[in-house]
Each structure stands twice: as structure tokens, then as C-alpha cells.
Amino acid sequence: MHGFRGDSSSKTWIYRVTVNSCLSTIRKQSRYRHESLDALYGLIDCEEFEKEAIEQLHRVINLLDPEEKAVIMMWLDELSYDEIGEAMGLNRNTIATRIRRIKEKITNEYKREELI
């Protein structure tokens, strides 16, 4: 927190630091082995239908590139477009467009899975 200047909300600043750190690590360690998050599915305490829906959403989100994942996860965490934009270093309209495109990708993937 020593680097926090107060130019934004602390919540947005933490997201920005986290996103930048994660994206930087992904770029640096792309050649290393990554652990699957499949083991986390057993930790979900809900009905079987809900578990399947959550697992499907995780699978589809996993197909997105790292920046798209960051944007959609912040949106799922109910951050505003302005907060997401501030965290990602993009303006509100760019975020709105990206979220729309990500939703389209997710919808298309759900449709594709139904056809298989």
C-alpha cells in the first residue's frame, strides 16, 4: 500500500496491481507447467445442476485470453465499467465493448458445446 497515491479508490488500485502482476507472471512463465483448477470443483457446495453450470462457465472462461479473463472476472465481481477501465488502464467505452465481445464469445462457446 506504500505506493498508493490516492488517485483512485483503493479497491480499483488493488485490482490494477493484481491484474498487472498476474499478466506479467503469465507472460514470464508461459513456458512453465501450470496446475489445473479442476480440483477446485469438488469444493463447490451446491446442487449438481449448479455445479455443472459453474464448471461449464469455468471451462468457457478458461478459453479466453488472460486480459479477457481479467475483464470478465472483474465484471463477475460486480465492478463498474469505470472501475474495470481504471484497473485495466482503458476507458469505459473500451471496457463496454470488450465485455460485449467476451459475452458473445462465451455465448458462442455454449452454443458450440450444445451441438457436440
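## Helix α4 and its buried face

Ile-84, Gly-85, Ala-87 and Met-88 are the buried residues of helix α4, buried meaning under 20% relative accessible area, exposed over 50%, and partly exposed in between (1.4 Å probe, protein chains only). Viewed down the axis of α4, these buried residues fall within an arc of 165 degrees, so they line one face of the helix. The arc is that of the directions from the helix axis to the C-beta atoms. Gly-89 follows α4 and has a positive phi, near 75 degrees.

## Basis and confidence of the model

This is a predicted model, in which local features need pLDDT of at least 70 and side-chain atom pairs count only at pLDDT 80 or more, while totals for chains, interfaces and linings use all residues. Residues are numbered from 1 along each chain as its sequence is written, and side-chain values use heavy atoms, with hydrogens and water left out.

The mean pLDDT of the protein (the predictor's confidence in each residue, from 0 to 100) is 78, and 73% of the residues reach 70 or more.

## Overall architecture

The protein has five helices and zero strands, giving the pattern α-α-α-α-α along the sequence. Helices (H or I, at least four residues) and strands (E, at least two) are DSSP runs, numbered from the N terminus.

Of the 116 residues in the protein, 21% are buried. The protein exposes about 8600 Å², of which carbon and sulfur atoms supply 52%; accessible areas come from the Shrake-Rupley method with a 1.4 Å probe, and for residues only the protein chains shown count as cover. Among contacts (heavy atoms within 4.5 Å) between residues at least 6 apart in sequence, 56% join residues at least 24 apart.

In soluble globular proteins, nonpolar side chains tend to be buried together. The largest nonpolar core here holds 17 residues, of which Val-71, Met-74, Ile-84, Met-88 and Ile-106 touch the most other members. Two or more residues of this core come from each of α1, α2 (48-62), α3, α4 (81-88) and α5. A nonpolar core is a set of buried Ala, Val, Leu, Ile, Met, Phe, Trp, Tyr and Cys residues joined through side-chain atoms within 4.5 Å.

Leaving aside residues up to four places away in sequence, Met-74 touches Tyr-15, Val-19, Leu-79, Ile-84, Ala-87 and Met-88. Three of these partners, Ile-84, Ala-87 and Met-88, are buried residues of α4.

## Salt bridges

Side chains of opposite charge can pair when their charged atoms come close. The whole structure contains five salt bridges, each defined as a side-chain nitrogen of Lys or Arg within 4 Å of a carboxyl oxygen of Asp or Glu. One of them joins Lys-105 and Glu-68 at 2.6 Å, N to O. This pair links distant parts of the chain, with Lys-105 in helix α5 and Glu-68 in helix α3 (residues 66-76), 37 residues apart. Lys-105 is partly exposed at 42% relative accessibility, whereas Glu-68 is buried at 16%.

Glu-104 pairs with Arg-100, their closest N and O atoms lying 3.3 Å apart; the two residues are four apart in α5 and so are separated by about one helical turn. Glu-104 has a relative accessible area of 40% and is partly exposed, and Arg-100, at 42%, is also partly exposed. Arg-112 and Glu-109 form a salt bridge of 2.7 Å, N to O, and these residues, three apart in α5, are likewise separated by about one helical turn. An α-helix has 3.6 residues a turn, so residues three or four places apart point the same way.

Beyond residues up to four places away in sequence, Glu-109 touches Val-60 and Leu-63.

Asn-20 is located in helix α1 and is partly exposed at 39% relative accessibility. Although Asn-20 and Glu-67 are 47 residues apart in sequence, their C-alpha atoms are 9.7 Å apart in space.
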